[in-house]
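Reader: Please take me through a helix of this model and then through its ligand site, with the criteria stated.

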Amino acid sequence: MTTFPLPPGSTIGVLGGGQLGRMLAQAAARLGFDVAILTPDEDSPASRVAAHIIVAEYDDPAALKALAAVAQVVTTEFENVPAAALRALAEAGVPVAPSAAALAAAQDRVTEKSFLNGVGVGTVPFAAADDAEAVKAAAAEFGAPVLLKTRRDGYDGKGQAWVEHATDASAAEAFAAIGGKPAIVEGRADFVRELSVIAARGRDGEIAVYPLAENHHENGVLRRTSAPAKVSAKLREQAERIAAQILSGLDYVGVIGVELFELKDGRLLVNEIAPRVHNTGHWTQDGCEVDQFEQHIRAVAGWPLGPTHALAHVEMVNLLGEEVLAWAKLAAEPETRVHLYGKREVKAGRKMGHVNRLRPL
Ligand code: AMP
């Protein structure tokens, strides 16, 4: 039986072995915990800093049993873990945070936006579409261009296509481009900036929100984040309210990333939620006393949440592909903190690490 707060010396299970799992394991170690990683990857970034490694598919019953035997609580670094795997762990008596229901809410873009609207959070207009005919109808309703996305398994701008006109040809072309999969049609957000907010909810319902971050994407992939973003008190309060509505609505435990569109009229719409630590929160590692990784570990372990205010201004830049080869030059910059993920193979566009460049607030 797990009791909270979880004492140091306990083991925290993590589903997923990527860089987020690696940085969670590092934060957990700092608080005296061991980490057990379950990943299908033979040689993952997280495995090399973990106390226990289970290499298997996420829904492998024997692997889930082995994880339940070693871990006192289980969390995830990857939102596309089958919700059934989390349910199996919960049934085996291991507390799981975030819950299977919270993960499921974020796994399907239609369910996600319906949930958001249901708790009073604004999104672009959207419609589910299972064929080109429905795509065309939604494009006519919302006004082209509209964005077509696969309902599930999309990330870093993959599985997305613009529908330029509300015509049969445009709709068919976009639907074919995303592989003819069940889709969502989204009205175009006419945003002035992309922002995000990282927030946490503890086991007792306490909520802590980090300052807003401003994000810049290239080809659908996060290029850089600047934080704290320059925002009015009104905008900050709006973001904090949105984060609280989402966290409470999901009865969430842990850290969540919320991607926002800032509209000209000052309204914030939610693009998507990530039920995990988030790339746009990496700035907190060097900009805050307690970063998003430690905050997540504190939340799932039932510890008090830490402070979230900024101590420095941070420009976070992702190191994609061969950019990581500049590590020696970057390490020589006094204002730059280098974070590398230990990935053995450099591939074009692959997230290999990031840097946080600091300047005084
Ligand atoms: P996503 O995979 O949903 O995070 O989308 C990736 C990027 O595409 C976002 O960061 C935006 O730059 C852009 N994008 C997504 N949805 C919309 C939308 N409805 N309208 C305009 N741009 C969008």
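Reader: Which residues of α8 are buried?
Author: The model is predicted: local features need pLDDT of at least 70 and side-chain atom pairs count only at pLDDT 80 or more, while totals for chains, interfaces and linings use all residues. Residues are numbered from 1 along each chain as its sequence is written, and side-chain values use heavy atoms, without hydrogens and water. Buried denotes under 20% relative accessible area and exposed over 50%, with partly exposed in between (1.4 Å probe, protein chains only). By that criterion the buried residues of α8 are L235, Q238, A239, I242, A243, I246 and L247.

Reader: Within what arc do the buried residues of α8 fall, seen down its axis?
Author: An α-helix has 3.6 residues a turn, so residues three or four places apart point the same way. On the other side of α8, K234 and R241 are exposed. The buried residues line one face of the helix, because their arc, taken from the directions from the helix axis to the C-beta atoms, is within 160°.

Reader: Which side chain has a polar atom 2.6 Å from an oxygen atom of the ligand?
Author: Polar contacts here are pairs of N or O atoms within 3.5 Å. A ligand nitrogen is 3.1 Å from a polar backbone atom of G187, and a ligand oxygen is 3.0 Å from an N or O atom in the side chain of E272. The 2.6 Å distance belongs to the side chain of E194.

Reader: How much of the ligand's area does the protein bury?
Author: Accessible areas come from the Shrake-Rupley method with a 1.4 Å probe. Taken alone, the ligand exposes 480 Å², and the share of this buried by the protein is 90%.

Conventions: A polar contact is a pair of N or O atoms within 3.5 Å; within protein, one must be able to donate a hydrogen and the other to accept it, and residues adjacent in sequence count only if both atoms are side-chain atoms. Helices (H or I, at least four residues) and strands (E, at least two) are DSSP runs, numbered from the N terminus.
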